[in-house]
Structure formats: C-alpha cells, structure tokens
Amino acid sequence: MDERQLRILRELGELGSVTAVAEALLVTPSAVSQQLRLLQRTLPVPLTERQGRRLVLTDAGQALAAAAVDVETALARARQAVEEFVGRADAEVSVAAFHSAGAALFPPLLRALAAPGRPRLALADEDVPQEDFPRLTRVYDLVLAHRLDHAPPWPATVAATTLLREPLDVALPAGHRLAAKRRLSPRDVAGEPWITVHDGFPVLAVIDAIAAAAGRRPRLAHRINEFAVVAEVVAAGGGIALMPRWTMRPHPRLVLRPLGGVRARRHIDVLCRPERTARTAVRTVLTELRHAARAISRRDAEEEGAAEGAG
C-alpha cells in the first residue's frame with residue numbers, strides 16, 4: 001500500500017462513491033478503481049463491498065481509512081520537518097577543500113558568515129587525486145576541487161561551479177639565473193631539477209606538457225603535494241616548481257614567472273550533489289565562495305595593473 005491508495009480509501013469512506021472521489025482528486029473513476037484494486041491485493045480481508053449501486057467500506061476498510069488519517073498526519077509532519085531543514089538559514093554546512101584552496105578561501109568564508117543567523121561551517125581539508133573529488137560529495141555538502149584547464153569535465157553525477165581559473169607559474173629562488181626573465185619557456189625550465197606532486201594529481205600533467213614541448217624529460221628531484229612545503233624547498237635551492245599564482249601567499253625568497261608554450265592553468269571548482277543546493281544554507285555558502293573568489297581575482301588584477309604602471 002502507498003499514500004495515494006490510503007488517501008483514496010479515506011475519501012471513499014467520506015464521500016461515498018467512486019465518482020465523487022474522482023472529482024475531488026481530479027482523476028478518472030477508472031484510476032480510482034484501479035488504485036483500490038491494487039490496495040486490496042495487499043490485504044487478506046475485503047475493504048469495500050457493494051450496497052446497491054454504491055461502493056462502501058467494510059469494517060476492515062473503515063479501520064484502515066481511520067489509520068490513513070494518522071498516516072497522512074505523520075507524512076505532513078515529515079514534509080514540514082524537511083521544509084524547515086531545507087529552509088534553515090543557520091544550518092550547518094560541511095565544506096572540504098584541497099590545501100591551497102582552503103588556505104585562500106576558508107578565512108574570507110569564515111569572516112563572511114560570522115554574523116548570527118548565518119550558516120554554521122564545518123571545514124575539512126582533503127588532498128586527493130583528481131578523480132576522487134566527486135566521491136567526497138557523499139560526505140560533504142560542498143567540495144573544493146581542482147583540475148587542469150584541458151582535463152575532462154567532472155562527471156554528470158555532481159554539479160560543478162567554477163570559482164577561479166588560476167594560472168600556474170614557475171617558482172624560482174630569488175637569486176636564480178632565470179629570475180631575470182619576465183616569461184619562461186619549456187626549454188628554459190626543462191633542464192632544471194623539479195619539485196612536483198605525486199602521481200594522480202593534476203599539476204603533473206603540466207610537467208608532461210613541458211617535456212613534450214622541450215623535447216626532453218625534466219628530472220623530478222622531489223615529490224611534495226603541499227605547496228607551502230614546496231615553497232620552502234624551492235627557496236632552499238632544492239629545485240624549481242609550479243605554483244598557483246593567486247591562492248598561495250607570497251614568499252619573500254621566491255619569484256614567480258609565467259610559463260609560455262604550454263597550458264598551465266587550473267580550475268578551482270565547487271562540487272556538490274545537485275540535491276544539496278535545495279538547502280538555503282548551502283546556497284548561501286556557495287554564494288559567499290563566489291564572492292571570495294571574485295575578490296581574489298580583483299586583487300590580482302589590481303596588483304598586476306599597479307606593477308605595470310610602476311614599470
């Protein structure tokens with residue numbers, strides 16, 4: 001039995017005919033009769049009987065119709081609970097991010113949502129290979145993920161919103177011979193020792209592109225995923241590396257130089273299961289993430305404009 005069948009049985013007891021039930025529920029009499037037959041098949045005793053030309057409820061039917069009132073009441077309360085959950089502006093929203101996105105976006109997000117009545121954040125860091133980010137949407141409401149500019153799109157099972165398309169620059173020690181150049185080519189950097197990520201992480205594909213463009217395979221001296229650690233190793237002379245332009249704090253002993261000749265850019269996307277955005281609190285957090293990302297883009301544009309003006 002289901003809710004619709006119980007509703008029809010209840011209406012039959014109150015209205016007294018299949019035709020009246022059909023008119024009340026805006027369906028055909030044959031549809032009403034079909035649902036009553038399906039309901040009857042699930043029970044061992046008759047629910048209806050004929051009295052002349054009228055179809056009326058038996059004692060068992062009347063008992064079930066009375067129970068249907070309780071069922072409809074419970075379902076109405078359940079729907080109301082869901083509506084209240086979906087509509088709550090101050091509900092908890094869980095957000096996961098890979099390290100550099102978390103460092104750049106978590107602080108402004110926390111500041112934006114600090115006022116009473118705003119969503120409560122539950123933040124987490126998740127450093128996983130690119131193909132594993134969609135699976136995290138089972139655990140978190142929103143997942144900040146990264147993929148390279150030319151990588152395949154995220155699967156259709158998740159909704160994706162791009163926050164930033166961030167260039168990846170070459171990080172060099174401040175005194176490195178290549179630091180004097182304003183822009184680097186694959187041939188410039190292919191002969192250097194590299195600090196790069198572990199297999200399965202997007203940045204490694206740019207190293208492959210450098211190798212193809214330069215006609216030689218760079219030497220991968222160190223494998224480190226955390227960009228803050230990479231920055232310290234580069235500054236100490238351990239090699240050069242690709243670093244995100246916007247989401248890493250400037251390091252006093254490093255310089256970043258753009259890389260030409262290859263596509264060196266990553267998307268920072270927000271992934272979620274589509275049904276999560278039905279919640280008011282989740283939509284609010286997603287909006288604030290967009291605002292934080294736009295602020296990062298504007299700040300970079302202003303800094304580039306100031307640098308060009310000074311030059």
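Gln-130 counts as buried because its relative accessibility is 15% (buried means under 20% relative accessible area, with a 1.4 Å probe and protein chains only). The model is predicted, so local features need pLDDT of at least 70 and side-chain atom pairs count only at pLDDT 80 or more, while totals for chains, interfaces and linings use all residues. Residues are numbered from 1 along each chain as its sequence is written, and side-chain values use heavy atoms, without hydrogens and water.

Gln-130 sits in the loop between strand E4 (120–125) and helix H6 (133–136). Helices (H or I, at least four residues) and strands (E, at least two) are DSSP runs, numbered from the N terminus. Leaving aside residues up to four places away in sequence, Gln-130 touches His-146, Arg-147 and Trp-154, among others. Contact means heavy atoms within 4.5 Å.

The largest nonpolar core has 38 residues. Such a core is a set of buried Ala, Val, Leu, Ile, Met, Phe, Trp, Tyr and Cys residues joined through side-chain atoms within 4.5 Å. Among the members that touch the most others are Leu-105, Phe-133 and Leu-289. Helix H10 (280–310) is one of the elements that each supply at least two residues. The largest share, 8 residues, comes from H10. A second, separate core of 37 residues includes Trp-194 and Ile-207.

Helices H2 (residues 18–25) and H3 (residues 29–41) pack at about 105 degrees, with axes 8 Å apart. Axes are lines fitted to C-alpha atoms over the stretch in contact, and angles run from 0 to 180 degrees between N-to-C directions. H2 and H3 are therefore roughly perpendicular (65 to 115 degrees). Val-18, Val-21 and Ala-22 of H2 meet Pro-29, Val-32 and Ser-33 of H3.

Note on methods: Buried < 20%, exposed > 50% of the residue type's maximum accessible area, 1.4 Å probe, protein only. Parallel < 35°, antiparallel > 145°, perpendicular 65-115°, else oblique.
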